[in-house]
Amino acid sequence: MKLALFVPCMVQDFQPQVAEATARVLAKAGMSVHYPKGQTCCGQLQYKSGNWKSARAVARHFMEVFQDWEAVVAPSGSCVSMVRKYYPELFRDEPLWRDRATDLGKRVFELTEFLVGVARVEDLGAQWHAKAVYHDSCQVYRALGIHQEPRKLLSRVKGLELLEMEQADVCCGFGGAFSLQFPAVSEAMVAEKVSHILATGAELLVSAEISCLMNIGGYLRKQGHGVKALHIAEVLAHHGE
Amino acid sequence: MHVRSLEFGKRAQEALLDERLQRNLERIGVRFKVGRDMAFAALEDPEGLRSLGRAIKEKSLANLPFLLETLEARVKEAGGVVHWARTGKEACRTVCDLAKQRGVRTVVKGKSMVTEEIGLNQALQSQGIETWETDLGEFIIQLAGEPPSHIIGPAVHKSKEQIAELFAEKLGVPKVEAPEELTRIAREKLREKFVGADMGITGANAAVAETGSIVLLENEGNIRLSVTIPRIHVALVGIEKVIPTLEDLAVILALLPRSATGQKLSCYTSIITGPRRQGELDGPEEFHLILLDNGRSKILADPDRRQSLYCLRCGSCLNVCPVYRKVGGHSYGWVYSGPIGAVLTPQLVPARLARDLPFASTLCGACAEVCPVKIELPKLLLTMRQRLSEDPNFDGGIPLILRLAAKFHGWLLTHYSLYRLAMDGARVASRLLMCDGRWSWLPPPLSRWARKRYLPAPARPFLKIWPRLKKELVQGGEKS
């Protein structure tokens, strides 16, 4: 199956290794992976900060870039939920664009839901001897209903011991512009999240959402905790020890 | 009530530093959230019940004018008097006039968010009328001179030690910390007020149009005393509280206590239709129902915001909100707090006074999962953000710098070459600003973000990695 890789803006310029891992994992699952040129972003920052005019322009650009693909896969739940849930809402007064959005929404997938639900692959031959804990990002779990898929995939990684933390589905406090506007509240939320992660004794913190990883990973790093924050694609593409 | 919602950021920061408050907030999860989850887990079809609840609110608000007229007619038939109030001020004036005309000196009150909304206590007190809150939590915050910090537990921000100190100071009683003792003190103080009161004021959890009844849920029995002992009962009810029938009420009664406190039913459920009738032993001589608009019909008229009015005031969205649980109710600066407060406040007060609140959320969606009438709170928060930012009738939104940054970013995203050029520029600039993997300088608000978190610098973008990776993947594919 031919598919298009959508590389979210945060991945493109800040975590490019996540997109690389995603491409490798999808190729491993037997997919023919393509990277359509001209792609930029889904527009959720604009949408969520109340600037719908600007969000519409970005959304139109996104739809133009990806309109002809049978499947579009992204290593991020929030971008997928933006396209699938909020694009039709953004264009509700423009029927042509709304229909295009609804149609594209059915073909845009978050990585783990694509692997388990569409490609029907759970064992990607990955190996990593470590204790890991999975964080249910709000935009992956609550917005898209993806809960079991990442756990299924991680349970097939050789050597990986998958732990569960307390309140795995409570928000990490990122919230995009929220963390810039109310940094103190955001810090308190991520501190609590990290306390739950540390309590498990895990060495790896795994998530399917890039923004949570930037938040939790950034906190872990600056506070000097040894836990590594990784996108699930990075774990699934791993073969060494 | 004075609106202090613009101070959200500042007060949230203070709340985070208040260790006692943080300890008190931690109990909310245990006290309310767990109970709610257990109560719903025990239901055969919790989703179905919530959908039914939503359908009832949808239908009620779609037929609001008719239902309100029916309610008015039935209340009159039952011997009650109906007053209409466009604004909080009008409602306060009606209550004060009633009190003055009837020589009322002392008022006892049942717990009511809507009277907090319109500042009724202050209005009565300014007329020299003694007013006593009789719900234990409300009694505590009245003594403390504070607004409620939670819809269901107005004094949830206080520990029993703090309450003991407060009672000792304000009531002149010895300092005791056992909850039973504190309750006994409040009860003794309040019993004398009940007996001496001329007027009882309550809100209502619902009003039933077909019978002209108001419905009051409580656990302490103080509301029942407030509506049976004084000679006048005044119920202040937002127009959105009306539902068509008693059958609809059965659904609300199944949802509300479970959502609020995890109970199958509150200890007291009072359905009150008019004043005492001839031959009856209990009840007031007069029953007045004040139907309050105070901005609600404007919300009703807007299809995108209408579901804000479905709220049953159970408080369950507060209990699961990770922001509320960190900053507490007072940070929101008005009467309603948490996700529903962030939605309602800018609609009920001048929007610019509460423009930050819809942005004070990560949109995590935990609230929508527990709402008994399935209010799509994240969607409403997004709608309010859009209105505040784009609609000239609203006036506010996020700080200008963030708004402009988002706009510029949005413009770049539709101009691919310029976007790439800008990111290349950012990468070069970041190299100049980084020293040994640390930022030597960051512009605000990024600097604040990076106080406790490492902020990644722009890396070599994926599109530069892709050509080599593509080759590798194609060759790998050919091999296998």
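## Close-up views of a predicted two-chain model

**View 1. Pairing of strands β3 and β4 in chain A.** Strand β3 (residues 72–74) of chain A runs parallel to β4(A), and three bridges link the two; strands count as paired if DSSP finds at least two bridges between them. Helices (H or I, at least four residues) and strands (E, at least two) are DSSP runs, numbered from the N terminus. Within β4(A), E110(A) is the bridge partner of A74(A). Helix α5 (residues 77–90) of chain A packs on the sheet, where it touches β3 and β4 of chain A, and its direction makes about 150° with that of β4(A). Angles run from 0 to 180 degrees between N-to-C directions, and axes are lines fitted to C-alpha atoms, for helices over the stretch in contact. Residues are in contact if their C-beta atoms, placed from the backbone, lie within 7 Å.

The model is predicted: local features need pLDDT of at least 70 and side-chain atom pairs count only at pLDDT 80 or more, while totals for chains, interfaces and linings use all residues. Residues are numbered from 1 along each chain as its sequence is written, and chains are lettered from A and ligands numbered from 1 in the order in which they are written.

**View 2. The open sheet of four strands in chain A.** The strand order is β2-β1-β3-β4 (chain A), with parallel pairing. At the edges lie β2 (32–34) and β4 (108–110) of chain A, each of which pairs on one side only. On average, neighbouring strands of this sheet are turned by 35° against each other, direction ignored.

**View 3. Strand β7 of chain A and its two partners.** Strand β5 (residues 127–134) of chain A is joined to β7(A) by three bridges, in a parallel arrangement, and V133(A) stands opposite L205(A). Four bridges connect β7(A) with strand β8 (residues 228–231) of chain A, also in the parallel sense; here V206(A) faces L230(A) as its opposite residue. From β7(A) the chain passes through helix α12 (residues 210–222) of chain A to β8(A) in a right-handed β-α-β crossover (with the strands pointing away from the viewer, the path from the first strand over the helix to the second runs clockwise). Strand β7 (residues 204–207) of chain A is covered on both faces, with L204(A) and V206(A) buried on one side and L205(A) and S207(A) buried on the other. A residue is buried if 20 or more other C-beta atoms lie within 10 Å of its own.

**View 4. The side of chain A that touches chain B.** Chain A contributes 56 residues to the contact and chain B contributes 57 residues. Several elements of chain A give two or more residues to this side, among them α1 (9–14), α2 (16–28) and α10 (177–181). The most come from α4(A), which gives seven residues. By class, this side of chain A holds 31 nonpolar, 17 polar and eight charged residues. Ala, Val, Leu, Ile, Met, Phe, Trp, Tyr, Cys and Pro count as nonpolar, Asp, Glu, Lys and Arg as charged, and the others, Gly among them, as polar.

View 5. Helix α11(A) packs against helix α1 (residues 8–17) of chain B at an angle of about 35°, and the axes are 8 Å apart. A184(A), V185(A) and A188(A) of α11(A) meet A12(B), Q13(B) and L16(B) of α1(B). Five of these contact residues are nonpolar, one is polar and none is charged.

Key. A residue is buried if 20 or more other C-beta atoms lie within 10 Å of its own, exposed if 12 or fewer, and partly exposed in between; C-beta atoms are placed from the backbone. Two residues are in contact if their C-beta atoms, placed from the backbone, lie within 7 Å.
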